[in-house]
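User: I'd like to learn how to read strands, turns and contacts in a model. Could you walk me through some features?

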Amino acid sequence: MAGIDIKQLYKSFGKTEVLTGIDLSIRDGEFVSFLGPSGCGKTTLLRSIAGLEEISGGSVRLGVRNITQLPPAKRDIAMVFQNYALYPHMNVYKNLSFGLSLNGVPKAEIEERVQTAARILQISDLLKRRPRQLSGGQRQRVAIGRAIVRDPKLFLLDEPLSNLDAGLRVNMRVELASLHRRLGVTMIYVTHDQVEAMTLSNRVVVLNKGVVAQFGTPLELFYAPQNLFVAGFIGSPRMNLIKVNANIINEVSIALTSENLFGSISFQLSAPTQQVPAQPHIIGIRPENVRLVEESGSHMSGNVELVERLGTESQVHVRLGSGQGLTVVTRGTHPVNMGERVHLRFPAEHCHLFNPEGKAYPRQLDGETRSLIERQETAALCIA
Amino acid sequence: MSTLVVQDDVAEERHRFIEKLTPYLFISPWILGFLFFTLGPLIFSFVMGFYDWPVVGERTFVGLQNYEVMLTEDPLFWDSLWVTVKFALFFVPFNVVLGLLLAVLLNQKVIGTGVFRTIFYLPSVISGVALVTIWAWIYSHEYGILNFLLGLAGIEGPNWLGDPNWSLLAIVIASLWGLGGTMLILLTGLQSIPKELYEAARMSGVPGWARLVYITIPMLSPMLLFTLITSIISAFQQLTIALLLTKGGPLESTYFFAMYVYDNAFMYFEMGFAAANSWVMFLIILILSMLVLKSSSAWVYYEGEMNNSEAADD
């Protein structure tokens, strides 16, 4: 087992730069997800770690070894491919043992490793079958099994659940988590599904256009996004973003005003600042934090365009006078109707504030949230 | 009223008939071609084989006599068959193996792959006679480029087409010139193999040769089977190159079975005998193809193949 250190990793395909200066330090035994929209470079980063892509610059270390120049097989890394990449003409046993037998592992040891992996993944009765004769979930297990038998220091998983149907995906997610606990080995998991990333990972790397947008625990990403991209990417429905003017009151609070805003919002900083740029800022507020209130005490008013009732909650789509749309999540039984005029309040403690470049100001979190985030961080640290 | 209904029925029936007929009309050119130029001659030649059938004059039914003469009295039959078998023993493996190697090479991501692919396929486009003319120049004992090149290396080239020890080999080489077709089929097959299989193999430290043996070849086996069978067939039908390059000589060292059939038919005009020869060739090719096909269950892997009993149970 080992942690992985990536320094200034660059990768370009011809003239297209895919990864531009990635710095990452993943701790030994951690489960880390690479999360991002398609084209953000997450799979390329994974393949660069695997050695399947030649990098254009930078270095990769696994534990104490510099593996930058090593061929894939010498890196002590196993990879699970998105489409499983099982050898279709070999049965499951052969699929698991193929690499080992060609690398001079004694027969008895191969047998033992295959049987152990098969037991862990509950595929012992499938060893004689060919991939064609397996269901999607079973194939997935075999693909993971092929990684396990190699007993690697690092597991790379490239969207391993994306080919499974919804129900199976949830099951496999739970199993992957317990597999990680059981093996205790460092795992890197590529996904575009934030639910997978948030539920499985100790920490998540959010990638955007070839750079790390933020690297932190799932709750940190959710409660303290460092920039507009992460704020908009994490959380569903997406965070509402509204343009405002910012004026400094004192070094830990900023008054936010706008011609569309009734009154002002007083944003509390967790770290003091001396001045703010004059250009328009953006406040972000998650749909579940927007409150439907009486006209007095509201920040904005608008008309309800659509109410999506999901049972436990209702998603209310509101069109503001300015033409902008906002989403509000209310309790499922809230009696709001389509066409109705509603008044919205943005509680200051739930607001995120971004400067004109899209960078977040550090905001004050309530004690409960802070301790939750800290607990997740400690848990992630404890693994190492 | 009732007549109207009847008329409707008739019209409907006619309509349905035409509808059923339409697809057959579309494929009729091929079907007619097959009937008149393939199946008809096939049956006709089978019947001919039991006759003494000169081109002009009386034809007489002789039963199995043609076959008897061929197998027991005519040494040329066995000689020409042996020449053909020797040719096939060289041609078939080289055609498949070289075709595979070329395909593997051309499947690499190198600059100019497209140019190389075109160059290697080009000979397959050239007509047989032109190809033979080119090879006649290449092999020419005194003026040929091959011996010239060998001479540069200090080797005195043999009389390729005039020496019975070399003539068959010369024809094998000339025939292999057309392996572009084989290459093309295998190249298509190679490109349909998912690249993740190779990446997975690279990750687990499977060396290059093992990737070829344990991944490429099994995944390519249906195409290999196809090229193997077509190579066997074309080996046994070898005629043009030998006929034009050596006319069967020297000392009948390149006297192929197809040439034997050809001579019986068009030099000696013994159509019945030649028809019987053709049927023997047909049977040999049929048996060989069946043997290969039978063996294929042991080494050919089909992606889509699955017995119901083996089906996944969820």
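Predicted model: local features only at pLDDT ≥ 70, side-chain atom pairs only at ≥ 80, totals over all residues.

User: How many bridges hold strand 17 of chain A and strand 18 of chain A together, and in which sense do they pair?

Analyst: The general idea is that strands of a sheet pair through backbone hydrogen bonds, either parallel or antiparallel. Here, strand 17 of chain A pairs with strand 18 (residues 325-331) of chain A in the antiparallel sense, over seven bridges. To find your place, look for Val316(A), whose bridge partner in strand 18 of chain A is Val328(A).

User: What joins strand 17 of chain A to strand 16 of chain A?

Analyst: Seven bridges, again with the strands running antiparallel: strand 16 covers residues 300-309 of chain A and strand 17 covers residues 313-320 of chain A. Val316(A) turns up here too, as the bridge partner of Val307(A). This hairpin has three residues between the strands, and Gly311(A) takes a positive phi near 100°.

User: Now for a sheet. In what order do the four strands of the open sheet in chain A lie?

Analyst: The order is 2-1-4-5 in chain A, with antiparallel pairing. Strand 2 (16-26) and strand 5 (65-66) of chain A are at the edges; each has a single partner strand, so one side of each lacks a neighbour in the sheet. Strand 1 (residues 4-13) of chain A pairs with strand 2 of chain A over eight bridges, in the antiparallel sense. One pair to look for is Ile4(A), which stands opposite Ile26(A) in strand 2 of chain A.

User: How many residues of chain B are in contact with chain A?

Analyst: On the chain B side there are 22 residues, in contact with 21 residues of chain A. Helix 9 (195-203) and helix 10 (208-236) of chain B each supply at least two residues of that chain B side. The largest share, six residues, comes from helix 9 of chain B. By type, the chain B side divides into 14 nonpolar, two polar and six charged residues.

Notes
Residues numbered from 1 in each chain as written. Chains lettered and ligands numbered in written order. Contact = placed C-beta atoms within 7 Å. Nonpolar A, V, L, I, M, F, W, Y, C, P; charged D, E, K, R; others polar. Pairing = 2+ DSSP bridges.
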